[in-house]
Amino acid sequence: MPPQHSQIATSTQGSTLADILERVLDKGIVIAGDISVSVGSTELLTIRIRLLISSVDKAKEIGINWWESDPYLNSQAAQLMQSNQQLLQQVESLREEVRALKALKEGEKASGDG
């Protein structure tokens, strides 16, 4: 009888990297971990690591879409931030004008009383 050889799995027999990546992106994968550095009973540093790997469609499906409002990733968000900054400056300018008008009105009252 010829000796039996155990078969070694190769990438051509199993899933290809593209197949695995497609499955991961379709289903998503979460990697979570905490790193804590302590001296005695005193905790000095805690690092929480949360990593989600998924397709954009899957992320949106589960309610994750932070990249849509990130100004570094979305040109519309950058324009909105710029508009918001301009509006804040206009509001501050209007506040200063109101303060000046109140001060002028109080000054007129004080000079009229005298």
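In this predicted model, Asp34 is partly exposed, with a relative accessibility of 47%. The side chain of Asp34 meets that of Arg48 in a salt bridge, with N and O 3.5 Å apart. Asp34 belongs to strand E1 and Arg48 to strand E2, so the pair ties together parts that are 14 residues apart in sequence. Arg48 itself is exposed, at 60% relative accessible area.

The whole structure holds five salt bridges. Side chains of opposite charge can pair when their charged atoms come close. Three of these pairs are listed below.

| Salt bridge | N to O distance |
|---|---|
| Arg48 and Asp34 | 3.5 Å |
| Arg95 and Glu92 | 3.8 Å |
| Arg99 and Glu92 | 3.8 Å |

Shared partners in salt bridges join Asp34, Arg48 and Arg50 into one network.

Arg95 and Glu92 are three residues apart in helix H3 (residues 75–113), which means that about one helical turn separates them. Glu92 is partly exposed at 32% relative accessibility. Arg95 is also partly exposed, with a relative accessible area of 48%, and Arg99 counts as partly exposed at 48%.

The surface also carries a nonpolar patch made of Ile35, Val37, Val39, Leu44, Leu45, Ile47 and Ile49, with about 590 Å² of accessible area together. Strand E1 (29–39) and strand E2 (42–53) are the elements that give two or more residues to this patch. E2 supplies the largest share, four residues. Leu44 lies in strand E2 and counts as exposed, at 57% relative accessibility.

Definitions and conventions:
Residues are numbered from 1 along each chain as its sequence is written. This is a predicted model: local features need pLDDT of at least 70, side-chain atom pairs count only at pLDDT 80 or more; totals for chains, interfaces and linings use all residues. Side-chain values use heavy atoms; hydrogens and water are left out. Patches are made of residues with over 30% relative accessible area and no salt bridge: like charges are joined within 9 Å, nonpolar side chains (Val, Leu, Ile, Met, Phe, Trp, Tyr) within 5 Å. Accessible areas come from the Shrake-Rupley method with a 1.4 Å probe; for residues, only the protein chains shown count as cover. A salt bridge is a side-chain nitrogen of Lys or Arg within 4 Å of a carboxyl oxygen of Asp or Glu. Buried means under 20% relative accessible area, exposed over 50%, partly exposed in between (1.4 Å probe, protein chains only).
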